[in-house]
Amino acid sequence: MTIEVRNIVKQYGAFKALDNVDLRVADGELLALLGPSGSGKTSLLRIIAGLDWPDAGEVSFDGENALARGAGERHVGFVFQHYALFRHMSVFENVAFGLRVQPRAVRKSEAQIRARVKELLDLVQLDWLANRYPSQLSGGQRQRIALARALAIEPRILLLDEPFGALDAKVRKELRQWLRTLHEEIHVTSIFVTHDQEEALEVANRVVVMDKGKIEQIGTPGDVYDNPATAFVHSFIGESIVLPVDVRDGQVKLGHRPLNIDAGSAVGPSKLFVRRHDMQIGPVGEGAFEGTVRRVRTFGPIQRADIALSDDDTLVEIDAPRDRPLTTGDAISLQPRRYRIFAGQE
Amino acid sequence: MGLTLTWLSLLILIPLAGLFVKTADLSLSQFFDTVTSSRTLHALRISFGLAFAAALVNLVAGLIIVWALVRYRFPGRRLFDAIVDIPFALPTAVAGIALTTLFAQNGWLGAPLASLGIKVAFTPLGIFLAMVFIGIPFVVRTVQPVLIDLDVEIEEAAVCLGASRWQTITRVIIPSLTPAILTGFALAFARAVGEYGSVIFIAGNLPNVSEIAPLLIVIRLSEFRYADATAIAVVMLVVSFLIILLLNRLQRWAQTRALAVS
């Protein structure tokens, strides 16, 4: 099932939650909507599900207008951050719910329902919990049951709203892996919302980065990390060193000192972004920046150092391999191997 | 633990034991004569039957009120919310006199009803009405916090799974509220059974027609037939206890199925 979202606008009072959003999701894709809170990612997901309605714009599934149908008629599986399991029902009944509420004409027989629920509980590897109640399960188990429940109606699209947001770090990691594998097995078009970049980059085929109701970039995880399209994406994904620079006549200046690097297309006050591990350390006089090592920590294969730049004493944090050990007080130079300059200092 | 038991004994158990001790003044046959006399039986039937009916009405009306107070935002919502507590706070005699005035044959509501041939004041219907009045806050106040805690996401989940509005209400919302609903029902019922002040004004108090058991007890007391009074009290106590026990059981059963998801 393909999903197409066109010119969606959603406003809450004076707050623009979604500002002219366009998005196409290919069949069988596992897409992440990534952004800080308030970026509009959950609003977009809820509009696709039919739980909210846009003020303007179109949503279509396989070319068919989805806005003409309510949430119950869109055949969309929705998984909530806080599970939203029915607490008065056993795990079995929770999963069976979507099958039991079908109109009598199409409803499966009791035996068929039992078989289907069993199959789903096997799929999420929790068949041994069928008779428990939600309150007796751990967070990770609850979320897997919520997923099984959503899959029971054979949804054409699966939507997950911060599915691992309420879980602790370890369970989160396991479930991420598990969701990937599951998606490879059932291959239903899926969109999940997250504010955790690691989660988005690790799980999704494609990542949509959002900020302030707009899509900043759509691309593969490699793309958004290596070739950020905007200053926002660069600073939101991965750790970056950000320096305010001024670009005049193709020359990049940090304070009053020209840096010997290419300006690209930026003009005027801009920001220079460099990944922490993209700073090459060299002897004084051989790089774009000069500085003094203030503090060094080692993490496994890397050493992380705070360097005070000689120009204006700005502290930058860099990651370097340990083959050239740094000590506090060393005078060094830094040369960015890769960098981006984005115009504007917002 | 010891403190709790001491408190409980001082405040509840010892007075109740006194009741049984006093009743023991009667011989077994005297006891049976008292409690099976037609006047006593009628009074008991009026008290328990109408209290049960009133609690049922409160259950339905209470749920509707709770739903409106929790789920809708309308002007005056806070005021309505406060008004719900009035039957708690109002002296029962005041409530009784107010209801009687309102529903008497020349009252604001009583007159139009009388023209339709419906007589409210000084009939069992009046008793029922008073019981509904004093019981309503119990249902509202026990269900309200639970409904507030009930996540809207639960309903959204049901809708996404294809449930109709009716299915969502009957299969998801009401079952989630069941323990609180039962508690509210039990409290409203218990209050109505024991209600005296507001009822006696509107009841008319005709023996065998509109006389409630608590009133009969007071009448026996004023006749200095203390043992007879306590005999009726014992019957009320035992029946109430059994009903509340039953409701408790039901509630525990509902609760084990609905431990809070936390």
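Reader: How many residues of chain B are in contact with chain A?
Author: This is a predicted model. In it, 23 residues of chain B are in contact with 25 residues of chain A.

Reader: What area is buried between chain B and chain A?
Author: About 2300 Å², with carbon and sulfur atoms giving 62% of that area.

Reader: Which side chains meet in a salt bridge?
Author: R46(A) and E156(B), at 2.6 Å from N to O. The rule finds one salt bridge across the interface of chain B and chain A.

Reader: And how many residue pairs are in polar contact?
Author: Four between chain B and chain A, counting pairs with both residues at pLDDT 80 or more.

Reader: Which helix of chain B gives the most to the side that touches chain A?
Author: Helix 9, with seven residues. Helix 9 (152–160) and helix 10 (165–194) of chain B each supply at least two. By class, that side of chain B has 15 nonpolar, four polar and four charged residues.

Reader: Switching to cavities. How many of 30 Å³ or more?
Author: Two cavities, by this rule.

Reader: Which residues line the second largest cavity?
Author: Its lining draws on both chains, including F78(A), R149(A), A157(B) and C160(B). Strand 6 (76–79) and helix 4 of chain A, and helix 9 of chain B, each supply at least two lining residues.

Reader: What about the lining of the largest cavity, by class?
Author: Eight nonpolar, one polar and one charged. Among the lining residues are Q143(A), R144(A) and W178(A).

Methods. Residues numbered from 1 in each chain as written. Chains lettered and ligands numbered in written order. Predicted model: local features only at pLDDT ≥ 70, side-chain atom pairs only at ≥ 80, totals over all residues. Heavy atoms only, no water. Contact = heavy atoms within 4.5 Å. Buried area = accessible area lost by both parts, 1.4 Å probe. Salt bridge = Lys/Arg side-chain N within 4 Å of Asp/Glu carboxyl O. Polar contact = N/O pair within 3.5 Å; in protein donor to acceptor, adjacent residues only side chain to side chain. Helix = DSSP H or I, 4+ residues; strand = E, 2+ residues; numbered from the N terminus. Nonpolar A, V, L, I, M, F, W, Y, C, P; charged D, E, K, R; others polar. 1 Å grid on protein atoms, 1.4 Å probe; cavity = no way out; pocket = protein on both sides within 12 Å on 5 of 7 lines; lining within 4 Å. Points joined across faces, edges and corners; volume = space filled by probe spheres on them.
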